[in-house]
Amino acid sequence: MVSETISGAHTRWNIRYHIVWIVKYRKDLLYRFGVSERFCELIKEIGERYEWVIDTLATDGNHVHVFMGAPPRYAPAEVVKIMKSITAREIFREFPQVKEELWGGELWGDGYYVRTVGSEVTSEVIREYIKKQGTQTQHKSYEQLRLF
């Protein structure tokens, strides 16, 4: 879990992010071809490589939620850039049929949402929200659950 303070060589930190981004054109591609499982493996591998702590991870088929911690040397924009670029490259390489479904050859939409954990939205609230992804109406509904 990410709720503890982590020590580095010269830094102690406890920074937690809830990050959300969409598949380009909001296409339901993550549930096809076994992509969802591979995506989750890739995020965990990226977390290990960059010394990030991946707490909770889920998808609704057309977007992803990641609850994680990263050392302060990584800005949230850099974290998202790394995750989106590596996962897109690997998914296109391993699942070429996914690339065929996208017109511009990009897997992810341009933007993202990021929120830090605080007193209003606790770690437990975010974990429960992410765990419910994909369980509401079997990924066909585009309604978003409201965090606050």
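## Aromatic rings

Rings of Phe, Tyr and Trp, with the six-membered ring standing in for Trp, count as a pair if their centres lie within 6.5 Å. On that basis, W21, F39 and W108 form one aromatic cluster in this predicted model.

In total, the structure holds 6 aromatic pairs. One of them joins Y50 and W52: with ring centres 5.0 Å apart and planes at 25°, this pair is stacked, because planes under 30 degrees apart count as such.

## Around W52

W52 is buried, at a relative accessible area of 5%. W52 also pairs with Y74, this time edge-to-face, with 5.4 Å from centre to centre and 85° between the planes. Where do these two residues sit? W52 is in the loop between α1 (35-50) and β4 (53-59), while Y74 is in the loop between β5 (63-69) and α2 (76-94), so their pairing ties together parts that are 22 residues apart in sequence.

## The buried side of α4

Now for helix α4, which covers residues 123-131. Its buried residues are S123, I126, R127, Y129 and I130. These residues cover an arc of only 165° around the axis, so they end up on the same side of α4.

What do the buried residues of α4 pack against? Their partners are β3 (16-22), β4 and β5.

Definitions and conventions
Residues numbered from 1 in each chain as written. Predicted model: local features only at pLDDT ≥ 70, side-chain atom pairs only at ≥ 80, totals over all residues. Heavy atoms only, no water. Phe/Tyr/Trp six-rings, centres within 6.5 Å; stacked < 30°, edge-to-face > 60°. Buried < 20%, exposed > 50% of the residue type's maximum accessible area, 1.4 Å probe, protein only. Helix = DSSP H or I, 4+ residues; strand = E, 2+ residues; numbered from the N terminus. Arc of directions from axis to C-beta. Contact = heavy atoms within 4.5 Å.
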